[in-house]
Amino acid sequence: MRALTRFAFALFVGMTLCLAAATFVEKAEGTEFAARTIYHSGWFVLWWALLAVSALTVVAGRAVAGRPAAAALHFSFGLILLGALLTFMTARKGYVHLREGRTVNAYFCETSAESRSLPFGLRLDRFEIACYPGTQAPADYLSRVTVVDGQDTRAAVVSMNRVLSYRGYRFYQTSFDEDLRGSILSVNRDPYGIPVTYAGYLLLGFSMIGTLCSKRSGFRRLLRHPLLRRTGCLLFFVFGAYGAAAAPATLSRETADALGRLRILYDGRIAPVQTFARDFTLKIYGKPSYRGFSAEQVLAGWIFYPEQWQFERMIRVGQDTVRRSIGSGKTAALVDFFGTGRDYRLAGMLRLPADRNDSALKAFVEADEKVQLIAMLQSGRMLKLFPVVVGDGVRWFAPTDSVRGLPRGDSVFIKGIFPLLYEAVQSGRDADIRKLIDKTDAFQRERDGERFLPDARLRAELWYNRFDPVSLLCRINLCFGLLAFVRFVWSLAAGRRRRWVEKIFLVPLILSAVALTATLALRSYTAGHLPLSNGYETMLFVAWCVLLIALGLRRRFPIVTASGLLLSGFALLVAWLGMTNPQITPLVPVLRSPWLSLHVSLIMASYALFGLIMLNGTAALIFASVVRSDAAAKRTVLLCRLQLTGRLLLYPAVFLLVAGIFIGAVWANASWGRYWGWDPKEVWALVTLMLYALPLHGRSIVRFRDPLFFHAYCLWAFGAVLMTYFGVNYFLGGMHSYAGAFAFGSALTVTVAVVVVFVLLTVVARVRYKNPVPYSRHRRYPGSGSGN
C-alpha cells in the first residue's frame with residue numbers, strides 16, 4: 001500500500017507540472033497544437049485514469065481512517081473524472097445555422113464539419129438584440145425558434161445563459177448574421193457525461209461540508225488542538241497634501257456640480273455627467289481632480305474655455321521618448337503636441353506598423369488617445385445629453401449630431417442650448433448658466449431620460465464618485481499592516497503580548513471593512529449588478545474578503561490582523577495603480593448570470609485565504625531567521641503554532657477554490673455548452689488547487705509535518721495564485737484574460753519583488769533553523785497524525 005501511495009502522489013505531482021507546462025506550450029505553439037498533442041491525446045487521458053485508479057485504490061484500502069466524508073470527497077473527484085471521460089468519448093458537439101422562416105433538421109460536427117441529422121426540426125422565427133435601456137449596448141441576444149417534431153410544435157427562446165434542451169440535445173446562442181435575419185446555435189449532446197459529472201459535483205459539495213463538520217475530520221481535530229491560543233500588536237497614519245497654484249478660468253464649483261448632475265449617454269450606458277468628467281480627468285491627468293478643480297470644473301474648462309486650458313500642463317506623458325518628441329516633462333500642454341505650422345508632432349510615430357510590439361509605440365498611441373479625446377470633447381461629439389423618442393425607442397443626441405427628421409421643438413433645443421450656454425459663460429452670468437442647465441435637465445425628464453437612470457441611482461453614483469476611498473485605504477492598510485506584522489514577529493520572539501496594542505490595530509481593520517463595504521454596495525447599486533465584472537472590481541472584492549476574514553478570525557489567530565491589513569492593502573494598491581477606478585460599464589450578455597457572481601466570489605475568497613496563509617508562512621520564516629539559536633524548544637513550539645494556523649486556513653481556502661472552480665464549470669456549461677475547455681486560466685486554477693491540496697495530506701506525505709517545510713511550501717505555492725491571476729492575463733492570454741485591466745509594469749514589479757523576498761526568506765530560515773528533534777516524534781504538535 002505504501003508503494004501504491006507513493007505512485008499515486010508521483011502521478012499527482014507529475015500531472016501538476018505537466019498542466020503548468022502545457023499552458024506555455026499552448027502559448028508557443030497555439031491552442032490547436034496543445035489540444036491535439038496534450039489535452040485530447042491518449043497518453044493524457046491514460047495518465048488521468050492511472051491517477052484516479054491508484055488514488056481511489058489507496059482511499060478504499062484505508063477507508064481514510066474511518067472518515068466517510070473524506071472518503072466521499074476523494075470518490076467525488078473520481079466521479080467527476082469519469083464524467084469527463086464519458087464526455088470526451090461519447091459527446092457530440094457542433095453548430096446549426098438558422099435563417100428566418102426555414103426549418104433545419106441537421107447540424108455540422110465541430111471536428112469534422114460533416115452534417116448530421118437531428119430527430120426534429122428547428123425554425124428561426126425572429127432574431128433580436130436586446131439593448132440596455134436608452135443605449136445601443138447589447139444586453140442579450142435572443143433567437144425565437146419553433147421546434148418542429150412531426151405534428152408537434154413548440155415555441156422556445158435561446159439566448160445567452162438560456163439553453164434550449166430537447167430530446168437530449170442542448171442548443172446555445174453563439175453568433176448571428178450581420179443582417180440580423182439569421183442565428184448560429186451551438187449544439188451539444190452529452191447524455192452520459194453531464195449526469196455523471198453533475199453527480200460528482202453534488203457529492204463533492206456534500207463531502208466538503210461533511211469534512212468541515214465531522215468530529216473525526218482533520219479540520220475539527222486541528223480546531224481542538226491545545227496549541228491553538230489567542231494572541232495579537234502602533235499607530236501610523238499617512239496623509240497627502242496638495243497645493244494649488246494660479247489656474248485657468250472655469251465654472252464655479254456649485255455651477256459645475258449642477259452640470260455634473262445631468263444625464264449623459266457614456267460608454268454604452270446612461271450616467272451622470274460627473275462620471276464622464278471624472279473618467280475624462282483620470283484619463284488625461286491620472287487623478288480625479290486638477291490643481292484644486294473638481295472633475296466637473298475640469299470638463300467645463302475644456303468645453304467653455306479651451307483657449308486657456310490648451311496651455312495647461314495636465315496631459316500626463318508616460319515615456320521619455322514621447323516627452324523628447326514634444327519637448328515636455330512628465331506633463332504636457334495640448335499646444336506642445338503641435339508645431340508652429342500646426343503640424344501634429346506624433347504623426348510620424350503613429351504611421352509605423354500597427355503590429356509592432358514596441359513599448360515606445362504604445363506610449364505614442366496612449367498620448368495620441370488623450371489628444372484625440374480632448375478633440376472629440378471640444379467638437380461636441382461626446383456630449384450626448386439629449387434624449388429624443390425615435391420610432392419605438394429613445395436615442396440620445398449630441399449638440400453636433402444631425403437632427404434631420406426630429407420634431408422641430410427637439411431639434412431647436414438641441415442645436416440652440418449650447419450657443420446660449422457659451423454666451424452666458426463668456427458673460428459670467430452664473431444665474432443664467434444655472435437656468436440653462438435646469439432647462440436641459442427638464443428636457444431630459446420630459447423625454448423620459450429619468451427612466452434610464454432614476455434619481456436614486458443617479459444620487460448613488462454621485463456619492464460613489466465622491467466617496468472613492470481606495471487610494472487612501474491602500475496607504476493606511478499597508479502602513480498599519482507592516483507595523484502590525486513587525487509587532488507580531490517581535491511579540492513571538494519576546495514572548496510578550498499587549499492587548500491595548502491589538503485594539504489599536506483593530507481600529508483601521510474595522511474602518512477599512514466598513515468603508516470598502518460601502519464602496520462595493522454603492523458600486524453594485526449604481527451598476528445594477530454585483531461588482532465582479534473586471535480586474536479592478538475583483539481586486540476590491542479580494543480586499544473586502546480579506547478584511548472580513550481577518551475580523552472573523554483575529555481572536556483565534558493573532559496573525560490575521562496584520563495579514564489582513566497587509567494583504568488588503570496590496571490588493572487595493574494593485575487596483576489603484578492599474579486602473580485608478582475605471583468607468584462602470586454594462587455587463588456583456590454572457591456575464592449576466594448569477595453563476596458568474598458566485599463563481600468569482602468563491603475564488604476571490606479562496607485567494608484571500610491563500611494570501612493569509614502566505615503571510616503566515618512569511619512570519620514563520622522571519623521568526624525562524626531572527627530568534628536566537630539557544631531558544632530552540634520555544635522556537636519549535638511557536639513555529640508549530642503558526643503551522644497550525646496555516647493548516648486551519650488551508651481547509652476552507654482549498655474548499656472555496658474547489659467550489660469556485662466547479663461552479664464556474666456549471667456556469668460555462670449553462671452558457672456555451674462545455675464545462676471545461678482547458679483554457680490557461682482554468683488550467684492554472686486547477687494547478688493552484690492541486691498544489692495546495694498536497695499539504696492537506698500530511699498523513700501520507702511526512703515532509704509536510706516539518707513546520708519549516710510547510711511554511712516555505714505555502715510561501716512558494718502562492719506563486720501559483722499570482723500566476724493564475726496576473727501571469728495568465730499578461731502572458732498566456734485566453735478567454736479569461738483581461739490584461740487591459742491592470743498596468744503590466746506594476747504587476748510585474750510586485751511579482752518580482754515577492755519572488756526575491758521569498759528566496760531570501762527561505763534561504764535564511766533554512767540556514768538559521770535547525771530542528772533539534774525529528775518532527776515526527778513531536779506527537780503533540782499539529783501535522784503528526786492529522787491530514788487526509
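Q: How many bridges join S6 to S7?
A: Three bridges join them, and the two strands run antiparallel. Strands here are DSSP runs (E, at least two residues), helices are runs of H or I with at least four, and both are numbered from the N terminus. Two strands count as paired if DSSP finds at least two bridges between them.

Q: Before we go on, what kind of model is this?
A: It's a predicted model, where local features need pLDDT of at least 70 and side-chain atom pairs count only at pLDDT 80 or more, while totals for chains, interfaces and linings use all residues. Residues are numbered from 1 along each chain as its sequence is written, and side-chain values use heavy atoms, with hydrogens and water left out.

Q: OK, back to the strands. In S7, what is the bridge partner of Ser165?
A: Arg170 is the partner of Ser165. Arg170 also stands opposite Asn188 in S8.

Q: And how many bridges join S7 to S8?
A: Six, with the strands running antiparallel.

Q: Which residue takes a positive phi in the hairpin of S6 and S7?
A: Arg167 does, near 50°, and that hairpin has two residues between its strands.

Q: How many bridges join S1 to S2?
A: Two bridges join strand S1 (residues 92-99) to strand S2 (residues 103-109), again antiparallel. Tyr95 has Phe108 in S2 as its bridge partner.

Q: Switching topic: how many salt bridges does the structure hold?
A: It holds 22. A salt bridge is a side-chain nitrogen of Lys or Arg within 4 Å of a carboxyl oxygen of Asp or Glu. One of them brings together the side chains of Asp177 and Arg99, at 2.6 Å from N to O.

Q: Where do Asp177 and Arg99 sit in the chain?
A: Asp177 is in the loop between strand S7 (169-176) and strand S8 (182-189), and Arg99 is in strand S1, so the pair links distant parts of the chain, 78 residues apart.

Q: Is Asp177 buried or exposed?
A: Asp177 counts as buried because its relative accessibility is 14%. The cut-offs are under 20% relative accessible area for buried, over 50% for exposed, and partly exposed in between (1.4 Å probe, protein chains only). Arg99 is partly exposed, at 23%.

Q: What does Glu114 form a salt bridge with?
A: Arg116, with the closest N and O atoms 3.5 Å apart. Both ends count as partly exposed: Glu114 has 40% relative accessibility, and Arg116 has 30%.

Q: And which side chain does Arg126 meet?
A: Glu128, in a salt bridge of 2.5 Å, N to O. Arg126 counts as partly exposed at 40% relative accessibility, as does Glu128 at 22%.

Q: Which residues do salt bridges that share partners join into one network?
A: Arg263, Asp441, Arg445 and Asp455.

Q: What about helix H9, how many of its residues are buried?
A: In H9 (residues 295-304), 10 of 10 are buried. Among them are Glu296, Gln297 and Trp302.

Q: And how much of the protein chain counts as buried?
A: Of its 788 residues, 53% do. The chain comes to 26 helices and 14 strands.

Q: Last one: which residues form a nonpolar patch on the surface?
A: Leu82, Leu85, Phe88 and Met89, with about 380 Å² of accessible area together. Areas come from the Shrake-Rupley method with a 1.4 Å probe, and for residues only the protein chains shown count as cover. Patch residues need over 30% relative accessible area and no salt bridge; like charges are joined within 9 Å, and nonpolar side chains (Val, Leu, Ile, Met, Phe, Trp, Tyr) within 5 Å. Leu82 is in helix H4 (residues 68-90) and is partly exposed at 39%.
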